[in-house]
Amino acid sequence: MRWVMAFLRFWYDFVVGDDWLIAVGIVAAIALTALIADQGFDAWWVMPLAVIALLAGSLWRALRKASDEARQ
Amino acid sequence: MMWGEMTRSAFLFLTAFLASGVEMVEALTIVLAVGVTRGWRSTLLGAGAAALLLAGLIAGLGPLISEVPIGSLRLVVGALLLVFGLQWLRKAILRASGYKPLHDEAAAFEQERAEAGRAASGGSVAVDWYSFTVAFKGVFLEGLEVAFIVITFGASKSNGVTIAAAAAGAAFVIVIAVGATVRAPLSRVPENTLKFVVGLLLASFGTFWSGEGAGVSWPGSDAALLGILALLAIASLAAVRLLRHERDLARLAPAQKGAGA
């Protein structure tokens, strides 16, 4: 059981890492892309925009966390 | 079309080579620290056992992946690479802008060496289980990351496994050759710069493949990969500059407050 938990933890750390928001945001962006493409519209712009927005959002969260820690 | 194929193959080789190289340097740091401190026999036995287990895992899982339809595979692999790549890129941007300490292989080597020195000796037994376990764990965990990169990258393109495995093999030969020659941590490898570049490449591939898997037709076909890479590189470099500026302002603020009081 301990080995299974350690294995699952390894994969969680490996894939999700420090910010779970990135993983959740990417799944949402792919779903939105598939939805728009399925309706017959151009959807190529969704993923690059979402990736930059997610990166910016994640960096902003890290920055806020760092300044909170510095204040304490 | 030929140019597009060549671009994809070159990107694939470069990304697999750099990503595997970074993981291998980390594994080598652990093996060298334990080997230098506690002896080589058990350390190399541990590293060898981990390499054998990894080879078995890759041989078992590799062929299974080719059974999955290519469209679904691109979607899943693209999403995984994108998540993985963005995590690397985020960490590299935070390190480059000073919000996170730089990863230092020399410091990691010293820490591993101190821990290995403190651990109780196995005495006169044939195998020093401390050295075996630490080397096994280091090689297995870092190797699993290399295996993930090779299998997922390779599965998304015909002949991809061969290209990614060749790149990982080339990285292995270079890292081991340098490690055996210097017998010291590879502290001169600019690890953060490598992680920055690999993060950009992984995120670009991930965006391209997950988009294709979700039903997107990229303008310019394969050439769109270069466009995505350029866009992400510009955004990341701008983020580094902006964060450095924020950090400088935050440092100056208390000094100005003190001068004004």
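# Briefing: a predicted model of chains A and B

Chain A contains three helices and zero strands, where helices (H or I, at least four residues) and strands (E, at least two) are DSSP runs numbered from the N terminus. The structure is a predicted model, in which local features need pLDDT of at least 70, side-chain atom pairs count only at pLDDT 80 or more, and totals for chains, interfaces and linings use all residues. Residues are numbered from 1 along each chain as its sequence is written, while chains are lettered from A and ligands numbered from 1 in the order in which they are written. The model scores ipTM 0.88 and pTM 0.70.

**Confidence**

- The average pLDDT, the predictor's confidence in each residue from 0 to 100, is 87 for chain A, where 96% of the residues score at least 70.
- Within chain A, helix H1 (residues 2-15) has the lowest confidence, at a mean of 74, and helix H2 (residues 20-38) has the highest, at 94.
- Chain B averages a pLDDT of 80, and 81% of its residues score at least 70.
- Within chain B, confidence is lowest in helix H4 (residues 105-118), at a mean of 70, and highest in helix H7 (residues 191-213), at 85.
- Where pLDDT is low, the predicted coordinates should not be read in detail.

**Architecture of the two chains**

- From the N terminus on, the elements of chain A run α-α-α.
- Of the 72 residues in chain A, 25% are buried; a residue is buried if 20 or more other C-beta atoms lie within 10 Å of its own, exposed if 12 or fewer, and partly exposed in between, with C-beta atoms placed from the backbone.
- Chain B has eight helices and zero strands, and its elements run α-α-α-α-α-α-α-α from the N terminus on.
- Buried residues account for 44% of the 261 residues in chain B.
- Among contacts in chain B (C-beta atoms, placed from the backbone, within 7 Å) between residues at least 6 apart in sequence, 86% join residues at least 24 apart.

**Where the chains meet**

- In total, 33 residues of chain B are in contact with 29 residues of chain A.
- On the side of chain B that touches chain A, the elements giving two or more residues are helix H3 (70-96), helix H5 (129-155), H7 and helix H8 (224-260) of chain B.
- H3(B) provides the largest share of that side, twelve residues.
- That side of chain B divides into 24 nonpolar, six polar and three charged residues; Ala, Val, Leu, Ile, Met, Phe, Trp, Tyr, Cys and Pro count as nonpolar, Asp, Glu, Lys and Arg as charged, and the others, Gly among them, as polar.

- Leaving aside neighbours within four places in sequence, B:Ala164 is in contact with B:Leu12, B:Ala16, B:Ile149, B:Val150, B:Phe153 and B:Gly154.

- H7(B) has 23 residues and reaches 32 Å from its first C-alpha to its last, close to the expected 33 Å, a span defined as 1.5 Å times one less than the number of residues.
- H7(B) is mostly covered, with 20 of its 23 residues buried.
- B:Gly215, which follows H7(B), has a positive phi near 105°.
- B:Leu237 lies in helix H8 of chain B and counts as partly exposed because it has 14 C-beta neighbours inside 10 Å.
- The C-alpha atoms of B:Leu237 and B:Phe196 are separated by 9.9 Å, although the two residues are 41 residues apart along the chain.

Terms used: Contact = placed C-beta atoms within 7 Å.
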